[in-house]
Amino acid sequence: MGLKILHVFPWTSWGTLGGTEKYIIEVASAQAIDHDVTIAYPRRYQNTTNSSKQNLFTEIELPDPNPNNRSLIGMGILCPQSLVQWKKLLVKERYDIIHFHCYEQYLLWYFIAAKKQSVKTVFTS
């Protein structure tokens, strides 16, 4: 198989299939023809994708940025355990490309960790 690609969606609205979610599913589905594609999002807060294309890619839970105090997420304050989980995911899965969709301040720490692992990154908002 080709590249190992991870799409990161930071919001808890996954599953509502708004514009961004539809875009990610379409891109991931097209990429999945030739590549190993995964979508990460905060799964514990919503349902999985209700899409006929779901079998083309893998869905995983994005480490909760601050499980102890959700109000701190907007300020970019990240729980250290979450960053450790994220770094372990990067080492274990060895993604070739990580595409971050939509900006949340805590993603900066995930982005920096990916760059330190020499993972090619894409950011769209």
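So, salt bridges: the count comes to two in this one, and remember that we're looking at a predicted model. One of them joins the side chains of Glu 93 and Lys 4, with N to O at 2.7 Å. That pair ties together distant parts of the chain: Glu 93 sits in helix α2, residues 80–93, while Lys 4 belongs to strand β1, residues 4–8, and they're 89 residues apart.

Glu 93 also forms a salt bridge with Lys 92, where the closest N and O atoms are 3.8 Å apart. That still makes the list because the cut-off is 4 Å. Put together, Lys 4, Lys 92 and Glu 93 make up a linked network of salt bridges.

Lys 92, at 66%, counts as exposed.

Okay, on to the sheet that β1 belongs to. It's an open one, five strands in the order β3-β2-β1-β4-β5, with parallel pairing. The edges are β3 (58–61) and β5 (120–124); each has a single partner strand, so one side of each has no neighbour in the sheet. On average, neighbouring strands are turned by 20 degrees against each other, ignoring direction.

Zooming in on β1: its parallel pairing with β2, residues 36–41, runs over five bridges. Val 8, for instance, has Ala 40 in β2 as its bridge partner. Then there's helix α3, residues 107–116, which packs on the sheet and touches β1, β4 (97–101) and β5. The direction of α3 makes about 165 degrees with that of β4.

Methods. Residues numbered from 1 in each chain as written. Predicted model: local features only at pLDDT ≥ 70, side-chain atom pairs only at ≥ 80, totals over all residues. Heavy atoms only, no water. Helix = DSSP H or I, 4+ residues; strand = E, 2+ residues; numbered from the N terminus. Buried < 20%, exposed > 50% of the residue type's maximum accessible area, 1.4 Å probe, protein only. Pairing = 2+ DSSP bridges. Axes fitted to C-alpha atoms, helices over the stretch in contact; angles between N-to-C directions. Contact = heavy atoms within 4.5 Å.
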